Amino acid sequence: MSRTRIRRPAALRRAGHRLANLVRPGVDITPAPDVRAEYDVAVPVRDGTILRLNIFHPDSPGPHPVIMSAHPYGKDRMPVHGRGGRAIDVQYRIMPQPERVQFSDLTSWEAPDPAIWTAHGYVVVNADLRGGGTSEGIGSMFTTAEAEDYYDLIEWVGTQPWCTGRVGLDGVSYLALSQYRVAELRPPHLAALCAWEGFSDFYRDFAYPGGVREDGFSRLWSAVTARRTRMTENLRTEILRRSDRDDWYTAHTPTPELIQVPMLVCASFSDHNLHSRGSFEAFRRAGSTRKWLYTHRDGKWSHYYGAEATRERIRFFDHVLRDADNGWDSRPAVRLAVHAEGARPAEIAYMDDWPPSDTKTAVLHLNTDGQLTAEPETTAGQRSFRSRRATLAWTWTAPEDIDILGPSALRLHMELADADDMNLFVVLRKFRDGQEVCFEGSYGFNADVVTKGWQRLAHRTLDPALSTPLQPVHTHHEAEPLTAGVPVAVDVALLPHATRIHRGEQLRLELGGRWAFARDPLRGQFPGWYRQSPNTTCSIHTGPDQPATLTFAWRPVEVEHPEKP
C-alpha cells in the first residue's frame, strides 16, 4: 500500500519535532507539595504472597475515599525516585504529544497524580501486582489469577481506618486493562471504575486486529515487559504460537457484561492501533447501568493529565464515591469530540448514546472508475492489484457538511489469483484542496488517517452475537483458506471515529496488502507494524451480483463558510 502522502515540508517538520522531543521531551515535572506518603506497604494476598503498595494521604482528617491503580510496571517509576530526581520515561521522548504533559514528581507511569488527588481529599494507592516492581511472586498478565490479587488488594484498602470503604480505580493503558478483570469479580469495596484508554480483547485489539498479526508494538512491549517483570509466560511467544483466537486468548480477555459498578470509560479516536476499539467495546458491552463515555482525538498522556480530563474525572469520582450533588448524574452519557483535522476538536457535544441514534446510514459503492457513489454500477466489473507493490483507491466528494460518527463497515467480494490467504489493509483518508488532512494517531504520530481496518481473508467468519451492520466482528476461531480464482465475501471493520467533512472535501478509501505507513520512527507510526501478505494478485469485484460497499453513519451539520473572493 502506498505510504501516507504528506507534503515534504510537513514531513520534515514532523521529523524535526520528533528529534527535538527526543532530546528535550515536552514534559513538565512539578515538585509535589508535602504529601504524607507510605512506601512499600506490605499486603498479603490469599495465598500468602506479599504485594506492595505506595499510599499517599491528604492533609485533612479522614477517612477518605480511595483512588487506586495496580499494574506490573513498577509503582516506583516516578521522577522523584529516578536518577537525579527528575527521570523522564523514555516513551515520553519517542512519542511526542500535541501539548506539554504536566504532572508532579510523585506520579508513576500512566497513574493518577497523587498531588492532584490528595489536594481534593482522596487517598491515592498505587500497587505493584505480582511479579512487578517490589511485589513478590511470579505473575501472569491479563489473567483471572492477577485479578484475584487485585481483588485482595482492594478489599485490604477498603477496610483500612483511613478509607471510607469506597475504592475507585483509575489509570491509563494496563492500569485500565486490569480494572476490567477485577471488576468482573465484584469485590465488595470496589465502587467505581475510570478505565482510560484500555483495550478489552487481547486477540482482536492487541495481538491480531482483524486476524492480522501485530509485529511492532507487541514485540517491543513484550520484550520490555519480560525484562522488567517476572511472569509465568512470555506473551510474544504465545502470540507467535497461536494465530487463531483459541481458549488461551479467551482466558486472557475480560467479560465486560459482568461489570456492574459505575464506570467512566475514555475511548480515544487517536489510538486506533491499540486501545480505541477495545475501549468502545468495553463501554458498549459493560453490564453496568451507570456508565459514561469520554472521547477525544488528542495525545494520550497530554490529555489524561490535562485540565479538562482531570476535571471530568474529579466530578465523576466525587459523585460516585462521595455522593456529591454536582450534576454528574444528569450529565449525558457521552462526551463526543468531533474533529475536522489535527488534535483540537471542531466541536464537543454531549449526547445520550454511542453511536448516536440520530444518525443516517450512507452506503457508498466502489465502482470500477475509482469513485465511491450512492448508486451501484449496473454491470459486473473488477479492479486488481499486487498485494506487496500496489494499492487501489476510491474517492468520494462530500456534497454537504456532515459528521461521520462511529464505526464503519466495508463489504467486498475478493479473489486471489495464486494464493489461499492475504492480509488486507484499509485506510480512509481526508483531502482538502488536493492536500491530505491529517489527525493525531497512536504512539505520538500526528499524520494519521481518518480511520483504518485490517482483515485476514481466511478469518472472514462473523460472530453473529457481536456483529452489527456497522461493525462486523469476526470469530477468528479457525482459518478458511480461499480457492485461487474463486471470489469470496469479506467484511472489514473500520474503527470508530468522529470526523467533520466539509462540502467539497474528499474521502479516499485505499486497499492494499501491506501496512500503509513507514516503519522508521521519523516518518512512520513507530513502533506499529503488521505482518504483510504473501505476494499475490488480488481482485475486487463490483456490480449487482458482487457489490462492494462502504457503510457509515452520519448526520448533517450547520457550518458557516466564508465567501471566497
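1. Let's start with a salt bridge: D329 pairs with R290, and their closest N and O atoms sit 3.5 Å apart. The two come from distant parts of the chain, 39 residues apart, with D329 in the loop between α12 and β11 and R290 in the loop between α10 and β10. D329 counts as partly exposed because its relative accessibility is 48%, and R290, at 32%, is partly exposed too. Keep in mind that this is a predicted model.

2. Now have a look at D403 and R500, whose side chains form a salt bridge at 2.8 Å, N to O. This one links strand β17, which holds D403, to strand β21, which holds R500, across 97 residues.

3. E505 and K430 make another salt bridge, 3.1 Å from N to O. E505 is in the loop between β21 and β22 while K430 is in strand β18, so the pair ties together parts 75 residues apart in sequence. Both E505 and K430 are buried.

4. There's a network as well: D40, K75, D76 and D128 are joined by salt bridges that share partners. The total count is 44 salt bridges, in a chain with 66 positive and 71 negative side chains.

5. As for the overall fold, you get twelve helices and 24 strands. The radius of gyration is 24 Å, which agrees with the value near 24 Å for a compact globule of 565 residues. Buried residues make up 61% of the chain.

Methods. Residues numbered from 1 in each chain as written. Predicted model: local features only at pLDDT ≥ 70, side-chain atom pairs only at ≥ 80, totals over all residues. Heavy atoms only, no water. Helix = DSSP H or I, 4+ residues; strand = E, 2+ residues; numbered from the N terminus. Rg over C-alpha atoms; globule rule 2.2 N^0.38 Å. Buried < 20%, exposed > 50% of the residue type's maximum accessible area, 1.4 Å probe, protein only. Lys, Arg positive; Asp, Glu negative; His and termini not counted. Charge placed at Lys NZ, Arg CZ, Asp CG, Glu CD. Salt bridge = Lys/Arg side-chain N within 4 Å of Asp/Glu carboxyl O.
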